[in-house]
Amino acid sequence: MDIMKCLSTTVMCMASSLLLAQNPIVQTWFTTDPAPMVHNDTLYVYTGHDEDKADFFWMQEWRAYSTTDMVNWTDHGSPLAIESFSWADDRAWAAQCIERNGKFYWYVCLHSKISNAMAIGVAVGDSPTGPFKDAIGKPLYDGSWDYIDPTVFIDDDGRAYLYWGNPNVYFAELNEDMVSLKGEVKKLEQTVESFGAPNPEKRVKGQKYKDVYTEGPWFYKRNGKYYLLYAAGGVPEHIAYSMSDNPGGPWKYIGEIMPLQDTGSFTNHCGVIDYKGNSYFFYHTGKLPGGGGFGRSVAVEEFKYNPDGTFPVINATTEGVRPVATFNPYRRVEAETMAFSEGIKSEPNAKTGIYISEIHNGDYIKVREVDFGADGPDSFSIAAASALRGGTVEVRTDSISGNILCEVAIPTTGGWEEWKTFGSEIKSAVNGVHDVYFVFRGRKGCKLFNLDWWKFSK
Ligand code: FUB
């Protein structure tokens, strides 16, 4: 094969594998330590956020995303950050949110100014996407580098529990108010039987253990059995788990779920949830372009429990999960709802909410499983803003070079947040279910425009 043909085949293969990619689920920012939660038929995933070009976990905020179809995710920005906690100044690390009596409790860990170590905090909000505020104005539990990665669960009898820790495992019961601890915090005794290895201080250097609990616990109950999943093996980390008949143990080490593999990240961190009849395993990798150990991204795989309730082995894929619903394009759709994108970012604005920015020539947004119905749309409108020269949105189906439904010219609007609505008739009839690609064109090398929302009309 001559070199040009070989090169173009490689480029085509890379492009088509990107077009099939569903993992990582967010491409606009790095996202870490996923914590899924289902509320009112919507699946939310709460994440951490690695800064671009970071050389450590210098993390400033947590982020929230939601889906109703498992492939198109809406970016809800960052409803919680270090600034929300007056007593903290660094390291917005792994966290989990849970609902109780209509309030949402977001358990986080941060660096505490009080102890100069890590602490567990709790924020409260009236909706899954906030706004959230520090629930108690002080740490829930403060004072050790060990106090990271809280996981929370409310049992069928109403009792609520927290686990956390690295490399020790801590366990506490929460009061019904969800913002105070009931009784003593227990440090679990780790044994080969419970977690694959003895307590950190009892481990013999150089000895090979069955496994080693490291951090990132994920605690829940299914069919009467309690599960504690965790990052294991030191670094690089894999995901392993233990099971118990009681919320506080004793735990029995079961085995690995996601074995060590080429995830591009030396940490891993999981969250598991059932949604619309399927089971999902969330984790993170370093697979987003420019990513790595300090530039991690959340991914998700579907799995089926074994008949005895144990886990199958789950491997990281680029394809991710299949859609579980179609997408309605005949309503205002926030531009920050997407299945995949390249080149763009999302930004917050106190008045208009999240919007899409950093759009350059050739960037695109893909929205999957768009159901145009039997008749199809007559027109398309989009809210955009540009301080400079603008550009064009090509609306295509099924691929970045697919059939063009319409093209919308975006001129300058006088500012990057001066929104105006632009529209076009549909030039090429479409019906049924398609993936839609918004492909952005304009002068090379400069920012073109920002996008707020779009909509098809009949
Ligand atoms: O994201 C910062 C830390 O890295 C988390 O708290 C750990 O679980 C690991 O993923």
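The side chains of Lys202 and Glu189 form a salt bridge, with N and O 2.6 Å apart. This pair links distant parts of the chain, 13 residues apart: Lys202 sits in the loop between α2 (192-195) and β16 (213-222), and Glu189 in the loop between β15 (181-187) and α2. Lys202 counts as partly exposed, at 47% relative accessibility, and Glu189 is likewise partly exposed, at 45%. The model in which this pair is found is a predicted one.

**Salt bridges in the structure**

Across the whole structure, a search finds 18 salt bridges. Among them is the pair of Asp75 and Arg63, whose closest N and O atoms are 3.2 Å apart. Salt bridges that share partners join Glu61, Arg63 and Asp75 into one network.

A further salt bridge is formed by Arg396 and Glu394, and both of these residues are buried. The table lists the pairs described in this report.

| Salt bridge | N to O distance |
|---|---|
| Lys202 and Glu189 | 2.6 Å |
| Asp75 and Arg63 | 3.2 Å |
| Arg396 and Glu394 | 2.9 Å |
| Lys345 and Asp52 | 3.0 Å |

The domain assignment of the protein gives domain 1 (26-303) and domain 2 (333-457). Their C-alpha centres lie 35 Å apart. Twelve residues from domain 1 and 14 residues from domain 2 take part in the contact.

The size of an interface is often given as the accessible area lost when the parts come together. Here, domain 1 and domain 2 bury about 1,200 Å² between them, and 48% of this area is on carbon and sulfur atoms. On the side of domain 1, Gln27, Thr28 and Asn72 lose the most area to domain 2, together accounting for 46% of what that side buries.

Which polar links are counted between domain 1 and domain 2? There is one salt bridge, and there are eleven residue pairs in polar contact. Strand β4 (residues 73-75) gives the most to the side of domain 1 that touches domain 2, namely three residues. By residue type, that side divides into three nonpolar, six polar and three charged residues.

Note on methods. Residues are numbered from 1 along each chain as its sequence is written. This is a predicted model: local features need pLDDT of at least 70, side-chain atom pairs count only at pLDDT 80 or more; totals for chains, interfaces and linings use all residues. Side-chain values use heavy atoms; hydrogens and water are left out. Domain bounds come from an automatic or database domain assignment. Contact means heavy atoms within 4.5 Å. Buried area is the accessible area (1.4 Å probe) that two parts lose on being put together, summed over both. A salt bridge is a side-chain nitrogen of Lys or Arg within 4 Å of a carboxyl oxygen of Asp or Glu. A polar contact is a pair of N or O atoms within 3.5 Å; within protein, one must be able to donate a hydrogen and the other to accept it, and residues adjacent in sequence count only if both atoms are side-chain atoms. Helices (H or I, at least four residues) and strands (E, at least two) are DSSP runs, numbered from the N terminus. Ala, Val, Leu, Ile, Met, Phe, Trp, Tyr, Cys and Pro count as nonpolar, Asp, Glu, Lys and Arg as charged, and the others, Gly among them, as polar. Buried means under 20% relative accessible area, exposed over 50%, partly exposed in between (1.4 Å probe, protein chains only).
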